[in-house]
Amino acid sequence: MTCLHLLLTLVFAVSLGTPVEIQRPRGVPLTKKQFYEESKPFTCLDGSRTIPFDRVNDDYCDCKDGSDEPGTAACPNGSFHCTNAGYRPMFIPSSRINDGICDCCDTTDEYNSGAKCENTCKELGRKEREVLQKMAEITKEGFLLKQQLIEEAKKGQQEKQSKVTDMQENKKQLDEKVEALRTVKETAEQPEKEAKERHLKAWEEQKAAIRLEKDKAKMAETFLELDDNADGFVSVSELQSHAELDPDADGTLTEIEAQGLMGGAEQVDTSTFESVWPKIKDKYHSESQAEEPAPVETPPDEVKEPVVDNDSEPYPEDDISEEEDEDDEDEDDYHEDDDKAQPTIKTPEKTHEDEEAMPPYDADTQALIDAAQKARDDFEEAEKALREMDDQIRNIEKELSFDFGPDAEFTYLYSQCYELTTSEYIYRLCPFNRVSQKPKYGGSETNLGTWGSWSGPENNKYLLMKYEQGTGCWQGPNRSTTVKLTCGKETVVTSTSEPSRCEYLMEFTTPAVCQEPANIDPSPHDHVEL
Amino acid sequence: MAVISIERMGLLSVFFVCLFFSSAFAVDRGNFKTCDQSAFCKRQRAFKPGQSPYRALLETLELSDSRLTLQLINDNNKVHLLLELYRLQGNMTRVKINELKPLKPRFEVPDVLIAEPPTEPLSVLSKDDNGVVLSLGAESQRLIVSARPFRLDIMEGPEVLLSLNSRGLLAFEHLRLRKDTQAQPEGAEVKESVDGDQQQDEGKKDEDEESNKEEDGLWEETFKSHTDTKPNGPTSISLDFSLPGVEHVYGIPEHADDLKLKTTDGGDPYRLYNLDVFQYELYNPMALYGSIPVMLAHNTQRTMGIFWLNAAETWVDISSNTAGKTVFGKMLDFVQGSSEKPQTDVRWISESGIIDVFIMLGPKPSDVFSQYASLTGTQSFPPLASLGYHQCRWNYNDQEDVKSVDQGFDQHDIPYDFIWLDIEHADGKRYFTWDPHKFSQPKEMLQGLMDKKRKMVAIVDPHIKVDSGYKIHNEITSKDFYVKNKDGGNYEGWCWPGNSGYPDFTNPEMRAWWASMFAYDQYEGSMENLFTWNDMNEPSVFNGPEVTMHKDALHGKWEHRDIHNMYGLYVQMATAEGQIQRSGGAERPFVLTRAFFAGSQRFGAVWTGDNAAEWDHLKISIPMCLSLGLVGVSFCGADVGGFFKNPSTELLVRWYQTGAYQPFFRAHAHLDTTRREPWLFGPENTALIREAVRQRYALLPYWYQLFFQAYRTGMPVMRPLWVDYPKDTATFTIDDEFLIGSDLLVHPVTEEGSRGVTAYLPGAGEVWYDVHTFQKHNGAQNLYIPVTLSSIPVFQRGGSIIPRKDRVRRSSACMENDPYTLYVALSPKKFAEGKLYIDDGHSFNYDTKKEFIHRSLTFANNALTSSNLCPDCNFLTSSWIEKVLILGASKPSKVVLKMNGKETPVDFEFDSSMSVLTLRKPGMNAGDDWTLLLQ
């Protein structure tokens, strides 16, 4: 039979240097001392039964609630109280009594196990006080900083609010301006269009006249070329020497065929040749310049344009729309931008050298064009300004819509980023935006989640931030990050970890979560006990 | 682990990536061979039952005292075989068949038998031209050798117990020289692809050489771009066994299948080939991580076993003449008195080696266990702590993580003994090292655990990173200890570290060197509370054929083909030896292995590999461990929670409840799963898990005693019901409940949303007590038990005494000196008995110095007595008896403790509603002689 029969234990507690002796059964907290009276039978604290007092702490469990064995390991659900004078008192499960492991800093849990425990309460108390002291200082300073943050945030918020209001006013004016300029532009474009059309038409006519002239000259030249004997007539035989004119393409131009071309006549003079010319001019090969093909007419509206191909490789970088936002890791955006950029591509007016260029506009037309262009420029400028203002308003409104805490104390984190470099990665937290991770030695960035919500416990949801829907994991979920906020003077990421695959945990200190320091001296509060 | 995290394995070949991607959610069967894709299996299986071409040459019979030899001839090709017969002590018969004059020696499995089995005299009873009748010991057993065709029958009285080659499927592909098929003139000598080819069936001797040429896979075989060069040509062997009167066969693990083996007609045979199967499927005969070529046959009269000692790829076909019959058909047979006796036929096919079969003739189940144990040894006696709860995950991230998980257990008051580190703990998967950032101070970490009397397991796999900056690799290289490829260079394959070499564990010098690496001064950062886990030891080769080693790789003069199934055994053997040596032989090792073979039980624990968080995987853990227990491996468990995927909370809780009642109790999870430490699912579920783990710890004395018994006798710890109720046919197919020892019956809840389970309580005239309520139930009934999420239906057998330690603490070592409570469950005849075993829990002193307490506890005639089972043992314990509960008792007027000639009264209480008598604090030391009298 082993077991201890030390029913009572002397507890020395030190409070303000005055030793006080209190007698009570081992493992019983002072608050429950009155239930354990040596002179009376003991009633289990749940009232389930009453046993002789010598069965209290006799290393056999009699009470269902374990209350008869506060100082032994006999009851599975019992608990042991250590006073831990100098530090904080605590309860441990009875199963830790005499298990050879020192749990209570005052060593009272290992009274019969042979474990060599040292009383570390004083040391722990001292350390705890230091920590509490430090914490209190941090909290104090942090809380002051927090007040400033709240001030700034409120000010900033008001400024932004009024800015939005101002901007919305300005926007109204800008709206009107844009509308006015649109009218101006449209008014100026009508005469411009008419003048341009006039100019084009005149040029077309002029071109037609020139072409006719050229044809006539060619005809005359041909006549002279065909008229081998220079008798002022082109005969059937003279024509026959040009086999390329063969209408049935059998390789020879027969006499009858030649005659057919000449309208049945044996020979034609220059004037009658005018009726033959249209039939032969397309096929005719000049003897002098046989290789030179007949001039092919190129209508001006068929000027070759660059091939528009949506699937082709991206356009040069300059063409990428500048409105693309910063997160450029998404390749899909890239292609969308290509499409947007295309209509703005200028089709170069390639002029053929053998075609005369359109003559410059006359002064009147040019004036109309200039006027219209100016109206367009003015309009576009105004429209752009309007868009920009819209964006600004939207951005501010978006910012104002965030939940920056009960006193807007988290506002200052907005549009900031904080980094932490570990042995392998650089972690980056951009509050209310995203969390990312980038290998230290090259490699692409991984999105560990974009802003989701505050997700702290019900009593203070502002202690945790949740960033979700980051880059997906192979065979796993999308990456996500929980950011744990603790009070600190500095705003800084203090640690990161990946407790579960693709679920990250980031510790972040900020004054914004510092609570108002309690007005009590931060020393161990075991006053209850003494 | 089998799964590859692609993100972490940058250097994989495209082939490999495809291989694993394509099998994201279930096994990719295409990666593993069917019998048809395994040339020798296809050849052998094509060969149908009929008259055997083998003839016994009786004139060659030689009988020494205990050894009979006889030549066999294949009349088709005139090749002679040598048959050896031995009568072994303990009612076993050994049959060996080898070539009489092989071109070169054929592989015979070493190191599996613990010794050359002792023989008994054989004698010839009669002999004539047709056969010989031999006497097998005293059991009125005879062995009949029939000459033409060759056949063996083992008889007891008028009954045939078992026949060999009764279906004529003996086939022995003899070693031969490779023919140059181009140069070979027509009409040259024909070698049948299978030597026993049934040419008689075709009624002609058609020497069709063309068909032989076309026969694939004799000298080369290709599977999925991997070519097996087979320099020795065809070498396979096959033999059939008939079991008259047998309808139930068990064993041949490892398969994810029911306890009772199914017939394989129309499907693939059961395959035994140690493979790293990614996300294995359930209920099929595919090979898994381990192979134990032992089959048990059972009927109401007798239990027998067949141990096919061969380490090459093996396939087992099972057919039955009753398998196709419906229940109605069987009833009709019964009513009409059908003369057809049920029979099971079994055929074993192996790729190389020799035929070496041990026929274990029982007759009782316990006889077969001790017979098999006498051949291959018993379960190693594990350190007590390893029977506690193990917390594992791939991977605990760093030392901080380990510390916080350790603290989590204390905060939530859940006991555990071991925390495990998977491959990420090592520096770049260089085993025996530590990641310099995450685990920079391993000793500090281990000391922190030791301060709480807890332990750690770190993984050491057998693939070694080929890296000239790695000490282990350099030493293996310089000692030339790597397995060789067919061309004589070091065999290299892909595994976790990338390009890896595989130490040749079949080489005893290599094993001795490996063992020396566990010395504290070699394995830096190790301490006495660090133990080992051997994973991937099939061996797993990511880019090898069927994710394992090429069969033409070389282990000395033997091909990998010959030894494949025992590579894993050797790894665990060498590792366990290392752990023993590091303590100078004082401390018991603990090594977990994934791959195993016959005899692996001697070296530690096994688990069922990479299962999944699915209800069916929870269910299958029972038959998988039961099958292993039947063939010697008692220390078995499945990953609690399921390795792949995330379990629902209900599944996790149910798995803890089941795992708490299985021998090896470890939670494990894949790298890609979310964290699942027991306290992450809300306080209610934490409480449920805590309760399950605490039930485990309270029963540790019982588990420990059962393992001691398993170590001594070979009796399985976790058993099918039929082992203890061999005549009750209702138990023969039960595998959703099981016994722990003889005295606890467990029917875990393995159905989602279950509101009740029906447990079969065996034993006509017996009673069972619900261990939670003490309610008594009669045996031989199906009992419906309503369940809630907290229920774990467990019953204690009336007639048993189970010692428990009800003061559950944070680890088993903390409970060392705690008192016992005896749970005495009375039989209807008011009788009960049990045993109590106590030792130091961790050293070999129980063995070397007989430092243990072994006591018999008996309740009879209203007296409970503790008597010494080992009077010459000496061990002192400070544990005492704090309480005795007697279930099914009546109220005594007085209870007296008799001890050292003195009598002292003992307080008691009686609960008449459940008839439970509680003796209060009798207080005797657990090692003492005493009697408690109820008067």
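This is a predicted model: local features need pLDDT of at least 70, side-chain atom pairs count only at pLDDT 80 or more; totals for chains, interfaces and linings use all residues.
In what follows, a residue is called buried when its relative accessible area is under 20%, exposed when over 50%, and partly exposed in between.

Select B:Arg666 and B:Asp639, both of which are buried, and display their side chains, which form a salt bridge whose closest N and O atoms are 2.8 Å apart. Because B:Arg666 lies in strand β35 (residues 665-667) of chain B and B:Asp639 in strand β34 (residues 639-640) of chain B, the pair ties together parts that are 27 residues apart in sequence.

Next, select B:Lys551 and B:Glu351, another salt bridge, with 2.9 Å between the closest N and O atoms. B:Lys551 sits in the loop between β28 (530-534) and β29 (554-555) of chain B, while B:Glu351 sits in the loop between β20 (343-350) and β21 (355-360) of chain B, so this pair ties together parts that are 200 residues apart in sequence. Both B:Lys551 and B:Glu351 are buried.

Through salt bridges that share partners, B:Asp228, B:Arg271, B:Glu313, B:Glu351, B:Glu546, B:Lys551, B:Glu559 and B:Arg561 are joined into one network. For context, the search of the whole structure finds 85 salt bridges over all chains.

**Second stop: B:Gln141**

Move to B:Gln141, in strand β8 (residues 141-146) of chain B, which counts as buried because its relative accessibility is 1%. What do the polar contacts of the B:Gln141 side chain reach? One of 3.2 Å joins the side chain of B:Gln141 to that of B:Arg87, and one of 2.9 Å joins the side chain of B:Gln141 to that of B:Glu156.

B:Arg29 and B:Met286 are 257 residues apart in sequence, yet their C-alpha atoms are 8.9 Å apart in space. Not counting residues up to four places away in sequence, B:Arg29 touches B:Glu281, B:Asn284 and B:Met286.

Select residues 471-478 of chain B, which make up helix α8, and colour its buried residues, B:Ile472, B:His473 and B:Ile476. These residues cover an arc of only 100° around the axis, which puts them on the same side of α8(B). The buried residues of α8(B) pack against β25 (464-465) and α9 (508-516) of chain B. Following α8(B), look at B:Asp480, whose phi is positive, near 60°.

Switch to chain A, whose secondary structure comes to 6 helices and 16 strands, and in which 35% of the 530 residues count as buried. Among the contacts in chain A with a separation of 6 or more, 44% are between residues 24 or more positions apart.

Then select A:Glu445 and A:Arg434, whose side chains meet in a salt bridge of 3.3 Å, N to O. A:Glu445 lies in the loop between β11 (434-439) and β12 (446-454) of chain A, and A:Arg434 lies in strand β11 of chain A, 11 residues apart. With 37% relative accessibility A:Glu445 counts as partly exposed, whereas A:Arg434, at 15%, counts as buried.

**Last stop: where chain B meets chain A**

Finally, select the contact between the chains, which takes 38 residues from chain B and 33 residues from chain A. The area buried between chain B and chain A is about 3,100 Å², with carbon and sulfur atoms giving 40% of it. On the chain B side, highlight B:Asp672, B:Arg810 and B:Arg920, which supply 20% of the area that chain B buries against chain A, more than any other three residues.

How many salt bridges are there between chain B and chain A? The count is 9, and one to display joins B:Arg807 to A:Asp59, with the closest N and O atoms 2.9 Å apart. There are also 18 residue pairs in polar contact across the interface of chain B and chain A, both residues being at pLDDT 80 or more. Strands β49 (881-887), β52 (907-911) and β53 (916-920) of chain B each supply at least two residues of the side that touches chain A, and β53(B) gives the most, with 3 residues. The residues on that side of chain B divide into 10 nonpolar, 8 polar and 20 charged.

Key. Residues are numbered from 1 along each chain as its sequence is written. Chains are lettered from A and ligands numbered from 1 in the order in which they are written. Side-chain values use heavy atoms; hydrogens and water are left out. Contact means heavy atoms within 4.5 Å. Buried area is the accessible area (1.4 Å probe) that two parts lose on being put together, summed over both. A salt bridge is a side-chain nitrogen of Lys or Arg within 4 Å of a carboxyl oxygen of Asp or Glu. A polar contact is a pair of N or O atoms within 3.5 Å; within protein, one must be able to donate a hydrogen and the other to accept it, and residues adjacent in sequence count only if both atoms are side-chain atoms. Helices (H or I, at least four residues) and strands (E, at least two) are DSSP runs, numbered from the N terminus. Ala, Val, Leu, Ile, Met, Phe, Trp, Tyr, Cys and Pro count as nonpolar, Asp, Glu, Lys and Arg as charged, and the others, Gly among them, as polar. Buried means under 20% relative accessible area, exposed over 50%, partly exposed in between (1.4 Å probe, protein chains only). The arc is that of the directions from the helix axis to the C-beta atoms.
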